[in-house]
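Student: Please take one part of this model, the loops, and look at it closely. I would like to know what sits in them and what they touch.

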Amino acid sequence: MSDVPATTNGTAVGDWATDFDVLDPAYVDDPFTIWDELRKSCPVAHTDRRGSTWLPTRYDDVVDLAHDIEHFSSTEVAVIPFEDARRDDPVLQYGLPPISSDPPVHTWTRRLLLPWFSHRRVEGYEPMTRALCAELVDGLVAQGSADAAREYAQQIPVRVIASILGVPSELSDTFTSWVRDVLEFADDPPRRQKGIEGVIGYFMAEVAKRKVDPGDDLLSGLIHSDVDGAPVEDGVVLGVAALVLIAGVDTTWSAIGSSLWHLATHPEDRVRLATDPEAMPLAIEELLRAYSPVTMARVVTEDIEFDGCPMRAGDRVLMNFPAANRDPEAFDRPDEVVLDRQLNRHVAFGSGIHRCAGSNLARMELRVALEEWLRRIPDFSLAEGAEVTWAGGQVRGPRQLPVVFG
Ligand code: HEM
């Protein structure tokens, strides 16, 4: 099976306003100039590829859409739609809640999950994350060079999530390949199906084990919690656990990878972060804004005109959080990374009721990953002739990032 993500199932894009394709190599490589053009000419673009789909590019539009949960449902959040309707799945009758549900299911499933990612809990995960990053960096320093995406960024979130869920870290590579099958190779239905089945099959067996032998992990916590006095159904436990894995791995690894790419290509920012630890908190927010990895989808519930666009029930809308974060109406010098940007109301973690439940964890992982890297490898740059490859679609980030150490 190829390790290169499927790119597009159609022909090359001629007109981005009426026929866009988020898997087109030009879009994956540099979506920024395409969004800039669209914001001026057609701020909500359209395509009929993979069904009638809209692509907003302005900050205000994306935020308005995220808040209008009545007309824009979360029952289909995959950027590349599933060919078969997951709603009919006998195991995942609730999909992957809370991300794929609307209220009322969204409300109580999100409540089940939030305590696991509170500030206090995340502080508790920090020493383990730091030890993991330090160990990875130790292994790389002597090499003098590394693939910062594959050998570092990709290794971190999956291990942190595995430990929170209570599964052995030896399974990290298997988990990574399942998550990539679901998100990165979504244009290849059998491969996506294989990823989903891998994740669900694994958690089904683990749920059965933890019913008789619970631990203090997230999976056990979900199984043994109740909602209004009733135990949580297995389908919900499986959906929530699968979501935590799928939402918490590619996303954060992409954010870490993009940030390292930025530092490898912008020496002044690298030196600043390596020498001034106090710059880190604002820098993290700025890197998340500039290289927002995640785009989501919504499905239109009834015919509606949005910003002059005649949307029909069943159409899909891509929640283009990354483009919103580059809108000049919302951010001064949006295409520049301003490490100490003060006013930064970015929507990298979404907006409204579905705002990322794991944002505390994601921020901690990104900060610790950069701190530990810069502590041992303060001087690094792209390897000469380096071929950097990017994944796109639902989650954008570097998948190959060869760097050399100074
Ligand atoms: C830099 C890393 C991350 C980014 C950029 C990110 C981004 C997002 C975005 C944009 C949403 C909103 C989805 C929507 O509106 O449909 C979201 C939701 C969510 N994220 Fe994250 N995420 C990241 C890391 C994580 C991590 C580490 C977890 C940990 C488990 C996580 C768990 C979730 C969950 C459970 C939701 C669904 C919340 C709901 O529907 O109420 N994410 N994330």
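Tutor: Helices and strands here are DSSP runs, numbered from the N terminus; a helix is H or I with at least four residues, and a strand is E with at least two. The model is predicted.

Start with Gly 144. This residue sits in the loop that links helix 5 (119-141) to strand 4 (145-147). Gly 144 counts as partly exposed because its relative accessible area is 29%, and partly exposed means between the 20% limit for buried and the 50% limit for exposed. Set aside neighbours within four places in sequence, and Gly 144 is in contact with Val 404 and Phe 405. Phe 185 is 41 residues from Gly 144 along the chain, and their C-alpha atoms are 32 Å apart.

Phe 380 touches both of them. Its other partners, beyond four places in sequence, include Leu 260, Leu 263, Ala 264, Arg 270 and Trp 373. Phe 380 and Trp 373 are among the residues with the most contacts inside the largest nonpolar core, as are Tyr 152 and Phe 203. That core has 87 residues. Helix 11 (234-265) gives the most to this core, with 17 residues. A second, separate core has 22 residues, including Phe 72, Cys 309, Met 319 and Phe 321. In soluble globular proteins, nonpolar side chains tend to be buried together.

Ser 292 is placed between helix 13 (280-290) and strand 7 (296-300). Ser 292 counts as buried because its relative accessibility is 5%, and buried means under 20%. Beyond four places in sequence, Ser 292 is in contact with Phe 321, along with Leu 287, Pro 322, Asn 325 and Ala 348. The Ser 292 side chain also reaches two backbone oxygens. One belongs to Leu 288, at 2.9 Å. The other belongs to Arg 289, at 3.0 Å.

Cys 356 lies between helix 14 (321-324) and helix 15 (359-376).

Widen the view to the ligand shell. There are 31 residues around the ligand, and Cys 356 is among the nearest, with His 106, Arg 110, Arg 298 and His 354. By type, the shell splits into 21 nonpolar, seven polar and three charged residues. Helix 4 (105-113), helix 11, strand 7 and helix 15 each supply at least two shell residues. Helix 11 gives the most, with seven.

A polar side-chain atom of Arg 110 is 2.6 Å from one oxygen. His 354 has a side-chain N or O atom at 2.6 Å from a ligand oxygen. Pro 98 uses its backbone instead, with an N or O atom 3.5 Å from a ligand oxygen.

Pro 98 belongs to a further loop, between strand 3 (72-73) and helix 4. The peptide bond from Pro 97 to Pro 98 is cis, with omega near 5°. Pro 104 is found in the loop between strand 3 and helix 4 as well. The bond from Pro 103 to Pro 104 is also cis, with omega near 10°.

Arg 50 sits between strand 1 (44-47) and strand 2 (53-56). Arg 50 is not a glycine, yet its phi is positive, at about 55°. Asp 307 sits between strand 8 (304-306) and strand 9 (309-311). Asp 307 likewise has a positive phi, about 50°, without being a glycine. Asp 307 is partly exposed because its relative accessible area is 42%.

Step back into strand 8 for Glu 305. This residue is exposed because its relative accessible area is 62%, and exposed means over 50%.

Key. Residues numbered from 1 in each chain as written. Predicted model: local features only at pLDDT ≥ 70, side-chain atom pairs only at ≥ 80, totals over all residues. Heavy atoms only, no water. Near = heavy atom within 4 Å. Polar contact = N/O pair within 3.5 Å; in protein donor to acceptor, adjacent residues only side chain to side chain. Nonpolar A, V, L, I, M, F, W, Y, C, P; charged D, E, K, R; others polar. Buried < 20%, exposed > 50% of the residue type's maximum accessible area, 1.4 Å probe, protein only. Contact = heavy atoms within 4.5 Å. Core = buried A, V, L, I, M, F, W, Y, C linked by side-chain atoms within 4.5 Å.
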